[in-house]
Amino acid sequence: MRTYTVYIRDVRYSVPQLLFVNVKPDVLVADLARQKLDESEHYLAVEVLDGDTLLFRLVREGVE
């Protein structure tokens, strides 16, 4: 099981929400990130890091 750091950028706040998630297969972290982005229309982006390495960033459509 790996622990990933997840930052959720929310239009309502200047500081991103911080989550630590544990998932078994690495593929599931992408599914989790997509679910998080879809949870609220206020969420602009979700960033997933493994340690200090940015693995990927999902951005809501229409957001630069």
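Two strands count as paired if DSSP finds at least two bridges between them. Strands (E, at least two residues) and helices (H or I, at least four) are DSSP runs, numbered from the N terminus. The model is predicted, so local features need pLDDT of at least 70 and side-chain atom pairs count only at pLDDT 80 or more, while totals for chains, interfaces and linings use all residues. Residues are numbered from 1 along each chain as its sequence is written, and side-chain values use heavy atoms, with hydrogens and water left out.

**The sheet**

Four strands make an open sheet in the order β2-β1-β3-β4, with antiparallel pairing. At the edges are β2 (17-23) and β4, each pairing on one side only. From one strand to the next the twist averages 25°. The table lists the pairings, each with a facing pair of residues.

| Strands | Bridges | Facing residues |
|---|---|---|
| β1 and β2 | 7 bridges | Thr 3 and Asn 22 |
| β1 and β3 | 6 bridges | Val 6 and Val 48 |
| β3 and β4 | 6 bridges | Val 48 and Phe 56 |

Val 48 therefore has a partner in β4, Phe 56, and it also stands opposite Val 6. β3 and β4 form a hairpin with 2 residues between them, and Gly 51 in that turn has a positive phi of about 70°.

**Helix and core**

Helix α1 (residues 27-39) packs on the sheet and touches β1, β2, β3 and β4. Contact here means heavy atoms within 4.5 Å. The direction of α1 makes about 160° with that of β3; axes are lines fitted to C-alpha atoms, for helices over the stretch in contact, and angles run from 0 to 180 degrees between N-to-C directions.

A nonpolar core is a set of buried Ala, Val, Leu, Ile, Met, Phe, Trp, Tyr and Cys residues joined through side-chain atoms within 4.5 Å. The largest one has 13 residues, and Tyr 4, Val 6 and Val 48 are among those with the most contacts inside it. β1, β2, α1 and β3 each supply at least two of its residues.

**Buried positions**

In β3 (residues 43-50), 6 of the 8 residues are buried, meaning under 20% relative accessible area with a 1.4 Å probe, protein chains only. Is Thr 5 buried or exposed? This residue of β1 counts as buried because its relative accessibility is 14%. Beyond four places in sequence, Thr 5 touches residues including Leu 19, Phe 20 and Val 48.

Conventions
Buried < 20%, exposed > 50% of the residue type's maximum accessible area, 1.4 Å probe, protein only.
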